Amino acid sequence: MSKIFTPTNQIRLTNVAVVRMKKTGKRFEIACYRNKVISWRNKLEKDLDEVLQTHTVFINVSKGQVAKKEDLIKAFGTENQTEICKEILTKGELQVSDKERHSALDSMFKDIATTVADKCVNPESKRPYPVTMIEKAMKDIHFSVKPNRNAKQQALDVIPQLKTVMPLERAQMRLRVLVSGKEVRKLRDKIVKIVTKLETEEWDNGTLNLICLIDPGHYREINELVTSETKGSGLLELLNLKEVVEGEEILE
């Protein structure tokens with residue numbers, strides 16, 4: 001029976017994601033595990049062995065053709081395969097099929113809709129919308145996913161657009177503000193201008209105790225105001241991350 005020989009400069013890999021880079025007129029590729037390249041670039045995955053299938057630089061991953069040592073030195077100034085793999089991993093172009101790209105965009109579309117549903121409510125009922133309703137509204141406004149931005153950023157971008165086709169507002173935070181001092185009345189007036197709703201206001205020997213609802217986007221502004229005006233002696237307490245109808249509260 002005749003034997004089949006595999007050339008020693010060929011390595012066969014399966015279930016692989018390829019990252020490609022062109023340098024000095026030549027193509028270099030590395031073989032990575034699916035879903036790990038993005039995690040590495042977002043600094044979520046730090047173990048290189050979890051990302052690379054092999055610390056080998058190829059000229060063609062699918063054919064298993066390994067890059068020549070002299071080509072690596074000419075292009076990268078080193079023959080250290082691990083260091084070259086890191087450079088390609090960071091700066092190279094991730095090769096994905098149309099099917100994979102479509103699947104990734106679909107998944108991100110759902111993530112964005114889920115984030116919007118989690119952060120917003122119907123202003124009339126104070127209840128969250130089902131994710132499916134948010135998805136439908138996103139399709140109605142012809143929202144297109146940007147693969148290079150994360151779901152949270154895009155959710156914040158799409159909220160103002162969705163308001164044109166449905167009643168929608170950010171779920172409110174409930175805060176307690178406890179402040180005292182000579183300038184407390186001025187501070188109170190500044191805070192009241194920012195809040196959505198003032199629920200209670202109590203004065204006790206010059207100390208102000210406020211409970212209010214705010215848009216989450218104003219939290220940092222109020223926090224900086226209280227810290228600077230009271231020189232750190234004021235108290236800002238987060239009572240609820242979200243103010244929604246009883247039984248429908250979901251924490252961020």
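The model is predicted, and local features are reported at pLDDT of at least 70, side-chain atom pairs at pLDDT 80 or more, while totals for chains, interfaces and linings use all residues. Residues are numbered from 1 along each chain as its sequence is written, and side-chain values rest on heavy atoms, with hydrogens and water left out.

Let me begin with the chain as a whole. It has 9 helices and 11 strands; these are DSSP runs numbered from the N terminus, helices being H or I with at least four residues and strands being E with at least two. Of its 252 residues, 36% count as buried. Here buried means under 20% relative accessible area, exposed over 50%, and partly exposed in between, with a 1.4 Å probe and protein chains only. The accessible surface comes to about 15,700 Å², and carbon and sulfur atoms account for 50% of that surface; areas are from the Shrake-Rupley method with a 1.4 Å probe, and for residues only the protein chains shown count as cover. Taking contacts between residues at least 6 apart in sequence, 64% join residues at least 24 apart, where a contact means heavy atoms within 4.5 Å.

I turn now to the largest pocket. Rolling a probe the size of a water molecule over the atoms shows where empty space is left. On a 1 Å grid over the protein atoms alone, with a 1.4 Å probe, a pocket is an open set of points with protein on both sides within 12 Å along at least five of seven lines, and lining residues have an atom within 4 Å of a point. The largest pocket has a volume of about 970 Å³, a volume being the space filled by probe spheres set on points that are joined across faces, edges and corners. Its lining consists of 25 residues, and Asn35, Ile38, Leu94, Ala104 and Pro147 lie nearest the centre. Two elements, α1 (36–41) and α5 (98–119), each give two or more residues to this lining. Which element gives the most? That is α5, with 8 residues. By class, the lining has 10 nonpolar, 8 polar and 7 charged residues; Ala, Val, Leu, Ile, Met, Phe, Trp, Tyr, Cys and Pro count as nonpolar, Asp, Glu, Lys and Arg as charged, and the others, Gly among them, as polar.

Helix α5 also holds Arg101, which is partly exposed at 40% relative accessibility. Arg101 and Pro147 are 46 residues apart in sequence, with their C-alpha atoms 9.1 Å apart.

Next, the aromatic rings. How many aromatic pairs does a search of the whole structure find? The search finds 1. The ring centres of Phe28 and Phe76 are 5.2 Å apart and their planes stand at 70 degrees, so this pair is edge-to-face. The pair links distant parts of the chain, since Phe28 is in strand β2 (residues 26–33) and Phe76 in helix α3 (residues 69–76), 48 residues apart. For reference, rings of Phe, Tyr and Trp (its six-membered ring) pair if their centres lie within 6.5 Å, with planes under 30 degrees apart counted as stacked, over 60 as edge-to-face and the rest as tilted. Both Phe28 and Phe76 are buried.

Leu162 is another buried residue, at a relative accessible area of 0%, and it lies in helix α7 (residues 151–162). Leaving aside residues up to four places away in sequence, Leu162 touches Val116, Ile134, Ala137, Met138, Ile141 and Leu168. From Leu162 to Ile141 the C-alpha distance is 7.3 Å, across 21 residues of sequence.

Pro167 sits in the loop between α7 and β7 (169–170) and is partly exposed at 37%. Beyond residues up to four places away, its contacts include Val121, Asn122 and Tyr129. Glu124 is 43 residues from Pro167 in sequence, with 7.9 Å between their C-alpha atoms.

Finally, the backbone. Lys126, in the loop between β6 (120–121) and α6 (131–140), has a positive phi near 65 degrees without being a glycine. His142, in the loop between α6 and α7, likewise has a positive phi, of about 60 degrees. Is His142 buried or exposed? At 70% relative accessibility, His142 counts as exposed, whereas Lys126 is partly exposed at 33%.
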